[in-house]
Amino acid sequence: MEYVRETLGVTPQPGGEHPRMGTHNCLLRLGNALYLEVISINPAAANPDRARWFQLDQESGNVAPRLATWISRTNDIRAASTAAAHVLGKIEAMSRGPLHWQITIPADGSLPFDGVAPTLIEWHVENHPAASLRDVGCSLVGLEAFHPAAHEISSLLQSLGFQDRFTVFQIAPKESPCLVAQIQTPAGIRQLRSQ
């Protein structure tokens, strides 16, 4: 939360807990159907009997906060998962309070293409959860990715029929993959990065 506060100049609001994953979160509205999720291992929760999502079990406690990945909403997660040119994970049913959704989660908790490929989500709620978050004047301007397998990721997005504010750039194999989110804040455009 402090990283988001320092970088964007706004404070995410408390979200809740994910007992199946042993995590908890805070949320920042970026639009009517878009939000930034700050997620971490919940020290008060029991360890899950599976790998946590978003590669959280593979990180040490001293890892700097970063933009780990992004999630793409679909109206039919089964069709999208089947059409995907790369396996994004098993479809799992999740809930938190009144919220219900299905999401793709690799069995080992990893991030497809180092977090540059999306996780898929299908909400089973009347209104998108972002609509209930307070508006603090932030919005997503764009999301860029840099990856040695840019062509493969672009093909994956095409197979999903994805069309939105996302651009993936080719980098050399020895370079590290990176995500960069451009976010309009009350103080101007700021960046969140994966490294």
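Here is a short walk through this predicted model, one selection at a time.

Stop 1: Start by selecting residues 13-18, 23-31 and 34-41, which are strands β1, β2 and β3. You're looking at an open sheet of three strands, lined up as β1-β2-β3 with antiparallel pairing. Strands in a sheet pair through backbone hydrogen bonds. β1 and β3 sit at the edges, each pairing on one side only.

Now zoom in on β2 and β3, which share eight bridges. Pick Thr-23, and opposite it in β3 you'll find Ile-41.

**Stop 2: the cores.** Next, show the side chains of Leu-8, Leu-28, Leu-36, Phe-166, Leu-179 and Ile-183. These have the most contacts inside the largest nonpolar core, which has 32 residues. Colour α3 (150-160) too, as this core takes two or more residues from it. Which element gives the most to this core? That's α3, with four residues. Then jump to Leu-99, Trp-101, Leu-111 and Ile-121, which are among the 13 residues of a second, separate core.

Stop 3: Cys-178 is in no disulfide either: its nearest cysteine sulfur, in Cys-138, is 20 Å away. Cys-138 is buried, at 6% relative accessible area, and Cys-178 is buried at 6% as well.

How values were computed. Residues are numbered from 1 along each chain as its sequence is written. This is a predicted model: local features need pLDDT of at least 70, side-chain atom pairs count only at pLDDT 80 or more; totals for chains, interfaces and linings use all residues. Side-chain values use heavy atoms; hydrogens and water are left out. Two strands pair if DSSP finds at least two bridges between them. A nonpolar core is a set of buried Ala, Val, Leu, Ile, Met, Phe, Trp, Tyr and Cys residues joined through side-chain atoms within 4.5 Å. Buried means under 20% relative accessible area, exposed over 50%, partly exposed in between (1.4 Å probe, protein chains only). A disulfide is a pair of cysteine sulfur atoms within 2.5 Å.
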